[in-house]
Amino acid sequence: MSAQTKNTLKRIGVILFGAIVSLVIIGFLLFPRAELPEPVSTDYCAQYGIRFDKSPIEMIYLDPQGVLSDPEEFLQTDQAYRLFAR
């Protein structure tokens, strides 16, 4: 490889490196990092009285044939569905 080819490759490398650095800096300036909310903890649920009823999910998982044999009965006894239907 000749000296002229090496110099050309070095210049191309420097230009590409400069372009990448410039794009990163512009990206930080134009797109600042968003402030994320605090992660939800169990204290949040206890504080606001949020409860989760997992019995319908257990019923579907443990006895899918029973649910499929009479889906109307399952929906009539499922509290979440009744609230949604209102």
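Modeller: One begins with confidence, since this is a predicted model. In the protein, helix H1 (residues 3-30) has the highest confidence, at a mean of 92, whereas helix H2 (residues 42-48) has the lowest, at 77. The mean pLDDT of the protein is 85, and 97% of its residues reach 70 or more.

Biologist: How many helices and strands does the protein have?

Modeller: There are six helices and zero strands. Read from the N terminus on, the order of the elements is α-α-α-α-α-α.

Biologist: What radius of gyration does the protein have, and what would a compact globule of 86 residues have?

Modeller: The protein has a radius of gyration of 30 Å, while a compact globule of 86 residues would be near 12 Å. Along the principal axes, the C-alpha atoms occupy a box of roughly 85 × 35 × 25 Å.

Biologist: What share of the residues is buried?

Modeller: A residue is called buried when its relative accessible area is under 20%. Of the 86 residues in the protein, 6% are buried. The accessible surface of the protein amounts to about 8600 Å², and carbon and sulfur atoms account for 64% of that surface.

Biologist: How far apart are the mean positions of the positive and negative charges?

Modeller: The protein carries 8 positive and 10 negative charges. Their mean positions lie 26 Å apart.

Terms used:
Residues are numbered from 1 along each chain as its sequence is written. This is a predicted model: local features need pLDDT of at least 70, side-chain atom pairs count only at pLDDT 80 or more; totals for chains, interfaces and linings use all residues. Side-chain values use heavy atoms; hydrogens and water are left out. pLDDT is the predictor's confidence in each residue, from 0 to 100. Helices (H or I, at least four residues) and strands (E, at least two) are DSSP runs, numbered from the N terminus. The radius of gyration is taken over C-alpha atoms; the globule rule is 2.2 Å times the number of residues to the power 0.38. Buried means under 20% relative accessible area, exposed over 50%, partly exposed in between (1.4 Å probe, protein chains only). Accessible areas come from the Shrake-Rupley method with a 1.4 Å probe; for residues, only the protein chains shown count as cover. Lys and Arg count as positive and Asp and Glu as negative; His and the chain ends are not counted. The place of a charge is taken as NZ of Lys, CZ of Arg, CG of Asp or CD of Glu.
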